Amino acid sequence: MVTKLLHTRYRVNDLDKTVTFYKDVLGLQEIKRHKSPRGSELVFLKTPNSDELIEICSFPASGPVTLGPDVTHLAFEVDDLESFAKHAAEKGYPFSDGPTESSSGTFAFIDAPEGYEIELIQYRK
């Protein structure tokens, strides 16, 4: 049996652009960067208040990344969705959907550089 979720990997074509997005737009912290034994370039990012990491992987030897629509997304909690929207738009990442009210709060989506969807949730207090 598994005992703990360690990380989620997203393979990308442009490692630097994607890592910049996660750091500058979402505010994640780069924890480590290295090359795997098979040649993948790996960057591990940490979200405040979470133990699990996000691994951004570039592995050109396996061919280009082709992302189908609505395959997967990451969801992050934010304190103030409106302030986040302004910050993300200033960085070139406006909401692609929302904001939408729900019974638990408000949520919206932005698209990361290679099309991976990012959900932002502001829970009702």
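Reader: Let's start with the open sheet: which strands form it, and in what order?

Author: Bear in mind that this is a predicted model. The open sheet has four strands, ordered β5-β8-β7-β6, with mixed pairing.

Reader: And which ones are the edge strands?

Author: Those are β5, residues 73–77, and β6, residues 97–101, each of which pairs on one side only. From one strand to the next, the twist averages 20°.

Reader: How many bridges join β5 to β8?

Author: Five, and the two strands run parallel. β8 covers residues 117–123. As for who faces whom, His73 stands opposite Glu117 in β8.

Reader: OK, switching to the helix. Which strands does α1 lie across?

Author: α1 lies across β5, β7 and β8. Relative to β7, which is residues 105–111, α1 runs at about 150°.

Reader: Which α1 residues are buried?

Author: α1 spans residues 15–25, and the buried ones there are Leu15, Thr18, Val19, Phe21, Tyr22 and Val25.

Reader: Why would residues three or four places apart point the same way?

Author: An α-helix has 3.6 residues a turn, so residues at that spacing end up pointing the same way. In α1, the buried set includes Leu15, Thr18 and Tyr22.

Reader: What happens at the start of α1?

Author: There, a side-chain oxygen of Asp14 comes to within 3.4 Å of the backbone nitrogen of Asp16. Following α1 you find Gly27, with a positive phi near 85°.

Reader: New topic: Ser40. Where does it sit?

Author: Ser40 is in the loop between β2 (29–35) and β3 (41–46).

Reader: Buried or exposed, that Ser40?

Author: Buried: Ser40 has a relative accessible area of 2%, and the cut-off for buried is under 20%.

Reader: What is Ser40 in contact with, leaving aside neighbours within four places in sequence?

Author: His34, Lys35, Cys57, Ser58 and Phe59. Take Cys57: it's 17 residues from Ser40 in sequence, but the C-alpha to C-alpha distance is 6.5 Å.

Reader: And which side chain does the Ser40 side chain make a polar contact with?

Author: The side chain of Arg38, at 3.4 Å.

Terms used. Residues numbered from 1 in each chain as written. Predicted model: local features only at pLDDT ≥ 70, side-chain atom pairs only at ≥ 80, totals over all residues. Heavy atoms only, no water. Buried < 20%, exposed > 50% of the residue type's maximum accessible area, 1.4 Å probe, protein only. Polar contact = N/O pair within 3.5 Å; in protein donor to acceptor, adjacent residues only side chain to side chain. Contact = heavy atoms within 4.5 Å. Pairing = 2+ DSSP bridges. Axes fitted to C-alpha atoms, helices over the stretch in contact; angles between N-to-C directions.
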